Amino acid sequence: QVQLVESGGGLVQVGGSLRLSCAASGRTFNTYAIGWFRQAPGKEREFVAAITWSGDRILYADSVKGRFTISRDSAMNTVYLQMNSLKSEDTADYYCASQRLIVLGSWYPRTSDKYDAWGQGTQVTVSS
């Protein structure tokens, strides 16, 4: 089992930046990809970004493309989400999740139920 711990959330003004971290431990050798999701109050959880552990595949939601950057430090078993030009609609609880290799050559970054382990979340509040 993989354990994930998010950090880096907080309160920031519109237009500001935050960097979220997702530290993985445990059976990380089974990890194929890490995804970030978010859930705002009263809304469904939505995909934000994902990266394969090798770093060769990256995907962003249209709503964050050009503003957010996902990256990973394999040596540190950590995935980062750099969030710039934050908007009030980015306010949410942010979660990272790990996905094992399901089908060789394929991944399912947007599909939350394809992820095996989830962190506890970190809150991001963007104030205007």
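1. Helices here are DSSP runs of H or I with at least four residues, strands are runs of E with at least two, and both are numbered from the N terminus. By that count, the protein has zero helices and 11 strands. The globule rule is 2.2 Å times the number of residues to the power 0.38, and the radius of gyration is taken over C-alpha atoms. For this protein that radius is 14 Å, close to the 14 Å the rule gives for 128 residues, so it is as compact as a globular protein of that length.

2. A word on the source: this is a predicted model, where local features need pLDDT of at least 70, side-chain atom pairs count only at pLDDT 80 or more, and totals for chains, interfaces and linings use all residues. Residues are numbered from 1 along each chain as its sequence is written, and side-chain values use heavy atoms, with hydrogens and water left out.

3. Now the rings of Phe, Tyr and Trp (its six-membered ring), which pair if their centres lie within 6.5 Å; planes under 30 degrees apart are stacked, over 60 edge-to-face, the rest tilted. The structure holds four such aromatic pairs. In one of them, Phe37 and Phe47 sit 5.7 Å apart at their centres with planes at 75 degrees, so the pair is edge-to-face. Phe37 is in strand β4 (residues 31-39) and Phe47 in strand β5 (residues 46-52), so this pair ties together parts 10 residues apart in sequence.

4. Phe37 is buried, at 2% relative accessible area (buried means under 20%, exposed over 50%, partly exposed in between, with a 1.4 Å probe and protein chains only). Phe47 is buried too, at 9%.
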